[in-house]
Amino acid sequence: MSFEAIGMAIVIISIMLALGKWIRIRIPLLQRLFLPSALIGGFLALLLGPGVLGRITQGMFGQGFLENGLFTADIFEVWGEMPGLLISVVFAGLFIGFRIPNPKEILRIGGPQIAFGYTLSWGQYVVGIGLCLLFLTPVFGLPPAAGALIEIGFVGGHGTAGGLENTFTQLGFEEGYDLAIGLATVGVLSGVIAGIILLNWGVRKKKSNILKEPEDISVDAQLGINEFDARDPAGNMTTSPTSIDPLTFHAALVAIAIFLGYVLLEAFKWFESVTWGAWSDVYIFEYVPLFPLAMLGGIILQLGFTKFDKYDLIDRGLINRIQGLSLDLLIVSALASLKLSVLGTYFIPFVILAVSGIALNVLGFIYLAPRMIPNYWFERALGDFGQSTGVAATGLLLMRVADPDNRSPAFTAFGYKQILFEPMVGGGLVTATALPFIYQFGAIPVFIVVTVLMVAFMLLGLLYYGRKKED
């Protein structure tokens, strides 16, 4: 890959993002569905690439004519590598600039979200692995590792799926990457669309404590443009540009976190190679990607700044912007490089996994959330539903629509939940190690463990948090 190809790939992705935003502004249906511009731009790049336009032109004009659509092979090579890098940026910044509160406060406010979120995540493993054991592996020949695809695609999203590409390859399940990207796309779509349907249902059925009529949903939220008087600053200038630009400084912090994660990963690999790896030939960290360790690197960095930074140099808003840019670029590049032929080959298993994951989340929202979350269950559970179907950004979007003025504890509880949730599932250590664990130990032992964990968190929510009365 040349530097020119890398630069042009980023330029074209940025153009796709701008076109995605323009298309959303112009098409009211997309506004009512609250589809992210990155998703629209990714679909546009997919349509203009080899999987759609390239096949049409070759069928009409013969082999070699616009075989890569409107793009070049070098650009697609860059796009295929970008998700693995960008997801490390997203995860490295998760806890940088985030002041960790008292553990008792985390559990008091965020406990119901933790119990409900983990129930859905472990449930996705239970459903996925169970389907593989009973049906997908014996009938369609999918490897048992496919049982982790629902959680990887739904809670993890495009970034996690992209970050696990090398893991899929190392385990001999290359198709898993495209299936995971496809499930991530279905997850975001279903998370937003089903979330809006549930939102309207809840408002009509008087489940909401904030919105009283469906017409109360903000038109500006649908359009995706903030009113002039409601435009918050993107971040604070914590350093003088005469010394170092604040955005540059924060980007450097993210880079340091990624490097710390790299050092940790290499240390874990070495330790594994001289301990249980040498004794039993069982390797786990050999297949673990960088991004969950980059998250740990960010935590270590934040702990250092919390202790020694007397100038309060880190601004969380700027870190959010770096993460947001990376995630938008990641979604477009992942969708643009999606191999549609893989989805065609495994179409029936793909549909079964997607429908099963959506059904689990919808049923959990309707039947478990009211019994596990003691107050404002509707507003709070929408965030967990969105995250469990289409990553954290979808959950935040649904909560913003349901509670535009932040009158409920939904946002605080959701934020506290991430402290004990993100390090493990949704792209955390469990998500990263699930594939190698299934590969090394088999599907049945993992299925037993995740079933026990699902039941445990479900009971925690139903019998403890669901019976508490919060202020």
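Are F365 and F378 buried or exposed? Both are buried, where buried means under 20% relative accessible area, exposed over 50% and partly exposed in between, with a 1.4 Å probe and protein chains only.

## Basis of the model

This is a predicted model, in which local features need pLDDT of at least 70, side-chain atom pairs count only at pLDDT 80 or more, and totals for chains, interfaces and linings use all residues. Residues are numbered from 1 along each chain as its sequence is written, and side-chain values use heavy atoms, leaving out hydrogens and water.

## Aromatic pairs

The whole structure holds 20 aromatic pairs. Rings of Phe, Tyr and Trp (its six-membered ring) pair if their centres lie within 6.5 Å; planes under 30 degrees apart are stacked, over 60 edge-to-face, and the rest tilted. The ring centres of F365 and F378 are 5.9 Å apart and their planes stand at 65°, so this pair is edge-to-face. F365 belongs to helix 16 (residues 347-372) and F378 to helix 17 (residues 377-402), 13 residues apart. Helices here are DSSP runs (H or I, at least four residues), numbered from the N terminus.

Ring pairs also join Y118, W122, Y125, F421 and F457 into a cluster.

## Helix 18

Helix 18 covers residues 410-421. Of its 12 residues, 10 are buried, so the helix is largely enclosed by the rest of the structure. The buried residues include K417 and F421. The charged end of K417 sits over the ring of F421, 4.3 Å from its centre; this requires NZ of Lys or CZ of Arg within 6 Å of the ring centre and within 35 degrees of the ring normal.

Terms used: Helix = DSSP H or I, 4+ residues; strand = E, 2+ residues; numbered from the N terminus. Expected span 1.5 Å × (residues − 1).
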